[in-house]
Amino acid sequence: MNDPIVNFVKELLDQYPKWFSESGHMDLAQMTTRNYPYTSLFSPIQINRLTLKNRIVMGPMGNIDMAEEFGRPSNKMIQYFGDRARGGAGLLTSGLIPISQTVDPTVTERGGQSYFPRIDSSRTVYSGWRDLAETVHAYGSRFFIQLTAGLGRVGSPESLLTKFQMPVSASWNPNFYIPGIPCRPLTNRECRIIIKAAGQAAADGKAALIDGVYLHGHEGYLLEQMTNPAFNHRKLGRFANWQNFGLDMVKEIRKRVGPNYPIMYRIDLSLALNETYGKRMEDVASLKKFKKERTVAQTLAYMVNLVKSGVDMFDVDLGCYDNWWLPHPPNSMPSGCFLPVARLVKEYFAHEKVFSNAGLPVPIVAVGKLGYPDLAEQALRDGEADMIMLARPLLADADWPNKAFAGKVKDICPCIGDQEGCINEFVEGGHIQCSVNPRTGYEDVLSRDLPQSASPKNVAVIGAGPAGIHAAVVAARRGHKVTIFEKNDRVGGMLVPGSQPKIKYEVKNYLAYLEHQLEICSQKYGLKVELNSTVAPESLKGKFDAIIIGIGGVPVAPKLPGIDQPNVIQAVDLFRHPELAASAKTVAVIGAGAVGCEVAQFLAAEFGKQVTIVEMLPTVLPGVCTANRGHMIHELERMGVRIWNCTKQMSIEGNQVHISRNASSTVPDPYITWTPLLPENIANPFARAIKDEYEDQTLDADLVVLAMGLRPVRSFYEDCIKSQAAPEVIQLGDAFQIGRVFEAVKAGSLVGRNL
Ligand SMILES: Cc1cc2nc3c(=O)[nH]c(=O)nc-3n(C[C@H](O)[C@H](O)[C@H](O)COP(=O)(O)O)c2cc1C
């Protein structure tokens, strides 16, 4: 069993880019019903003494700002889980709940306030947990709480400024966000305090009607910092053996909850840092420390010991913060990316005859982009895993399980993997939401069923992008008489060009979902979709009670010499007509925002072009979720795409682009993915000033693709207002302010709800 696993991780990572073009891997990543009925997904399974009604586990997702500031789950959190239980998942899990408030300064804020739920503090919090558990039980689902030893080096270093306390870790390790800030090693006493706290939290959870505990042992959080030799360099004491902290914690929990209570453990088979960064592990100071990561064989051996100590089930993934696109796989990662990981563990356990304390085989849960019922069912049938974990797919559609069971798969709203509404909202200071599901995180205030309008209106929606479609669909369902006017021959707006690259398959799926919603609304509610239809404000006057304008934006083009040459095109046009790049060998992409980088990836990966991205700013993909950003940059580098930041485009002459490039050594390396960009409101005391040393240079490019963003088109709205075209005129989406799917969907849905 040992030999094949040595190169397992490297081979798997090398395979990912190929999955998009090879048939087989991605065929099931669609909302199809080839494997229906899903008899495997909807079969029961036993975990210790607990029987789960089906094989679907809702993945843990931080319930940030879903609890009172002292930690009691709020109504928002209860309704959020209630909806997912009603949606049919057999097992729900909470997001991480820290138990190390007295030790890890990053898990609380000044004054002891918490943006995490708590189960450590007092009886004050239990009632929230009991209410939550009872709500989940009402639908026949079970609920586990995910306990985390803390954040350690991946916590915010702001604790230094706000509480004058250093962040902690297993050993002296650099902080993830600002590597110049060191994290001090936990003392052995502090380690024992956390272990005791885990036992107490589990006992409290059991008393609060919670069905099991789940340990947060992956992704390089504090439990993993203690249990992975990459981070644990301790020389003395009990915890110098990197297994002991985890094993002691499980034994303590088992001691407190008795033999029958389920304990689940989340682990990564490998941090995959060496496989991700290769030689960089030698060269980059903050990575160098982590070279001696836990091998796959060591992880498997540790897992066997965890079972002996009391663990009943595992879920397994790969990666950590420093290669964040693995544990948080973005749209650019293939579906089912960790199925081979689950299979490897399952086969190992079968080979080693590993059984839990309850004498049962130890279920292995697969995670990672499994939100397609056919794919999930196939994985179970093929024995790749025992259960399927869905995290983001249940944000996108809480009713995923019920719809899959009923075969209403086309009605499932797919996750698009942009991570803007979910994980990125945390980074920006918000609570969990979803780009494609405007109710997620608002279950407490937005009713599940749309209220019927008491006075139905005649509504015109101009523009069938995501904002317009949502406004139209929601309004039509509420009883309004709706017509959408779309100037193109298909609906979708920017989703159409935006779903062209193969790595954007989830956006393509989402577009298919929206088209299906429009079809349903046309049949059931009389919604009319007028394609190829350009309307003018005056033609609408007096005909509608409300006009909703979602006509989007137009691409920005700088006034530069040569910009009108035929070999200069806009990114949206290239996505619509990739043949425009047919004869070009070399391409310059101007702008390193999301669109610019996606164009570069598209041209390099799918057409083998030699691409250079020219960006005026020091940073690439600012504002984009760290995981998505990291993966994109990593892939661009792997394919040899040159990224020239701090570079201004001056003029274009034939196939030469004249630029002015900052040659200073202070210009940041654009390929850095192991340290994130900090949110704008966080100052980095170690940030280096960039010196201006601009030099004129020339870049060969047969084709120049402009990806410099959009600007809103406001004239339609202004003309409607001037001419009093209707009593109500609303503009939304990009027509109001250039944004993402997240903003467009939210605006469309709110406007539709409140008409
Ligand atoms: C918003 C968000 C929050 C998350 N928070 C946690 C967490 O608290 N604990 C954890 O172990 N994983 C967390 N994860 C990771 C997910 O549990 C899951 O492993 C990941 O999203 C991949 O699964 P998916 O493709 O089904 O979404 C989070 C993911 C998201 C999107």
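User: What is the volume of the second largest cavity?
Analyst: The second largest cavity has a volume of about 80 Å³. On a 1 Å grid over the protein atoms alone, a cavity is a set of points where a 1.4 Å probe fits but cannot get out. Points are joined across faces, edges and corners, and the volume is the space filled by probe spheres set on them.

User: Before we go on, what kind of model is this?
Analyst: A predicted one: local features need pLDDT of at least 70, side-chain atom pairs count only at pLDDT 80 or more, and totals for chains, interfaces and linings use all residues. Residues are numbered from 1 along each chain as its sequence is written, and side-chain values use heavy atoms, with hydrogens and water left out.

User: Back to that cavity. Which residues line the second largest cavity?
Analyst: Among them are Arg 392, Leu 395, Asp 418, Gln 433 and Ser 435. A lining residue has an atom within 4 Å of a point. By class, the lining divides into five nonpolar, five polar and two charged residues. Ala, Val, Leu, Ile, Met, Phe, Trp, Tyr, Cys and Pro count as nonpolar, Asp, Glu, Lys and Arg as charged, and the others, Gly among them, as polar.

User: How many cavities of 30 Å³ or more are there?
Analyst: Three. Of its 14 lining residues, Gly 371, Tyr 372, Pro 393, Cys 415 and Glu 506 are the closest to its centre. That lining has nine nonpolar, two polar and three charged residues. Cys 415 also lines the second largest cavity.

User: What lies 3.4 Å from an oxygen atom of the ligand?
Analyst: A polar side-chain atom of His 216. Backbone atoms take part too: a polar one of Lys 369 is 2.7 Å from a ligand oxygen, and one of Ala 391 is 2.9 Å from a ligand oxygen. Taken alone the ligand exposes 610 Å², and the protein buries 98% of that. Areas come from the Shrake-Rupley method with a 1.4 Å probe.

User: Back to Lys 369. What is its phi?
Analyst: About 55°, positive although Lys 369 is not a glycine. Lys 369 sits in the loop between strand E12 (364-366) and helix H14 (373-381).

User: Is Lys 369 buried or exposed?
Analyst: Lys 369 is buried, because its relative accessible area is 7%. Buried means under 20%, exposed over 50%, partly exposed in between (1.4 Å probe, protein chains only).

User: And where is Leu 209, the residue with phi near 75°?
Analyst: Leu 209 lies in the loop between helix H6 (188-207) and strand E9 (212-216). Leu 209 is partly exposed, at 29%.

User: Which residues does a cis peptide bond join?
Analyst: Tyr 36 and Pro 37, with omega about 0°. Most peptide bonds are trans.

Methods:
On a 1 Å grid over the protein atoms alone, a cavity is a set of points where a 1.4 Å probe fits but cannot get out, and a pocket is an open set with protein on both sides within 12 Å along at least five of seven lines; lining residues have an atom within 4 Å of a point. A polar contact is a pair of N or O atoms within 3.5 Å; within protein, one must be able to donate a hydrogen and the other to accept it, and residues adjacent in sequence count only if both atoms are side-chain atoms. Helices (H or I, at least four residues) and strands (E, at least two) are DSSP runs, numbered from the N terminus.
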